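Good morning, everyone. Please have a look at the model on the screen, and I will walk you through it.

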Amino acid sequence: MPPEPPLVDRALALAAELGFEKSSSAETGRLLHLLAAQRGRERVGEIGTGTGVGTAWMAAALAPGVPLYTAEPEAAQARAVAALFADDPDVHVLRGSWLDVLPAYAPFDLLFYDGGGKRDPAEEAEEVVSLLAPGGTVLLDDLREHRANDPLREWWLGHPRLVGAEVAVSPDEAVLVCVRAL
């Protein structure tokens, strides 16, 4: 397997330094990297910065000049990640609830839904969909076990404005990848 981009290594070191244990897996990171590298990306967003591991995977693949906006409600983490990306003018770390800070920068061609209340789709998922540009992609990670009648999977995979699939990224983790219909 190819090595992680140096920026990812620095974000993982920050996670270790801060004792943050909820970073994206390398498998999800590689998929984010692939999606960010696609031609035509103009604006990228992230819900739940953490310590910037997912941010780093995407930033390392984006073309220069493509803005990436990431929202983190925890002040200390937001400051630490802003310092991590201080030399990258395309990465914008926004401190606050994504519901408050990301809509001003939407619509997004790629949106990593890595935080928030995604376990209960009725609460905020429609707001996530509203942040997507037509043809935009959203990725939800951290799906561990497949259960029958899972409301999260049913909501995202059955949404009338989305086309989606569940993708196993490792034997222990799956993600949902959905595209907003044109």
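Asp-150, Arg-153 and Glu-166 are linked in a network of salt bridges. A salt bridge here is a side-chain nitrogen of Lys or Arg within 4 Å of a carboxyl oxygen of Asp or Glu. Side chains of opposite charge can pair when their charged atoms come close.

A word on the source. This is a predicted model, where local features need pLDDT of at least 70 and side-chain atom pairs count only at pLDDT 80 or more, while totals for chains, interfaces and linings use all residues. Residues are numbered from 1 along each chain as its sequence is written, and side-chain values use heavy atoms, with hydrogens and water left out.

Arg-153 meets Asp-150 at 2.4 Å, N to O. Glu-166 meets Arg-153 at 2.9 Å, again N to O. Glu-166 sits in strand β6 and Arg-153 in helix α7, so this pair ties together parts that are 13 residues apart in sequence. Helices (H or I, at least four residues) and strands (E, at least two) are DSSP runs, numbered from the N terminus.

Are these residues buried or exposed? Arg-153 is buried, and so is Asp-150. Buried means under 20% relative accessible area, exposed means over 50%, and partly exposed is in between, with a 1.4 Å probe and protein chains only. Arg-153 comes out at 5%. Asp-150 comes out at 6%. Glu-166, at 29%, counts as partly exposed.

Stay with Asp-150. Its place is in the loop between β5 and α7. Asp-150 also caps the N-terminal end of α7: one of its side-chain oxygens lies 3.0 Å from the backbone nitrogen of Leu-152. The side chain of Asp-150 makes a polar contact with the side chain of Arg-153 as well, at 2.4 Å. A polar contact is a pair of N or O atoms within 3.5 Å; within protein, one must be able to donate a hydrogen and the other to accept it, and residues adjacent in sequence count only if both atoms are side-chain atoms.

Now helix α7 itself. Which residues in α7 are buried? Leu-152, Arg-153 and Trp-156 are. They cover an arc of only 90 degrees around the axis, which puts them on the same side of α7. The arc is that of the directions from the helix axis to the C-beta atoms.

How many salt bridges does the structure hold? It holds 3. One of them joins Arg-161 to Glu-126, with the closest N and O atoms 2.6 Å apart. Arg-161 lies in the loop between α7 and β6, and Glu-126 in helix α6 (residues 121–130), so the pair ties together parts that are 35 residues apart in sequence. Arg-161 is partly exposed, at 33%. Glu-126 is partly exposed too, at 37%.

Next, the sheet. Strands of a sheet pair through backbone hydrogen bonds, either parallel or antiparallel. Here 7 strands form an open sheet, in the order β3-β2-β1-β4-β5-β7-β6, and the pairing is mixed. Two strands pair if DSSP finds at least two bridges between them. β3 (91–95) and β6 (162–170) stand at the edges with a single partner strand each, so one side of each is left without a neighbour in the sheet. On average, neighbouring strands of this sheet are turned by 15 degrees against each other, direction ignored. Axes are lines fitted to C-alpha atoms, for helices over the stretch in contact, and angles run from 0 to 180 degrees between N-to-C directions.

Two helices belong in this picture. Helix α2 (residues 26–36) packs on the sheet, touching β4, β5 (132–143), β6 and β7 (173–180), and its direction makes about 170 degrees with that of β5. Contact means heavy atoms within 4.5 Å. Helix α7 (residues 151–158) lies across β4, β5, β6 and β7, running at about 30 degrees to β7.

Now some pairings. Strand β1 (residues 44–47) runs parallel to β4 (residues 108–113), joined by 4 bridges. Val-44 has Leu-110 as its bridge partner in β4. β1 and β2 pair in the parallel sense, over 4 bridges. There, Glu-46 stands opposite Thr-70 in β2.

Last, strand β2. In β2 (residues 68–72), 5 of the 5 residues are buried, so it is largely enclosed by the rest of the structure. Leu-68, Thr-70 and Glu-72 are on one side, and Tyr-69 and Ala-71 on the other.
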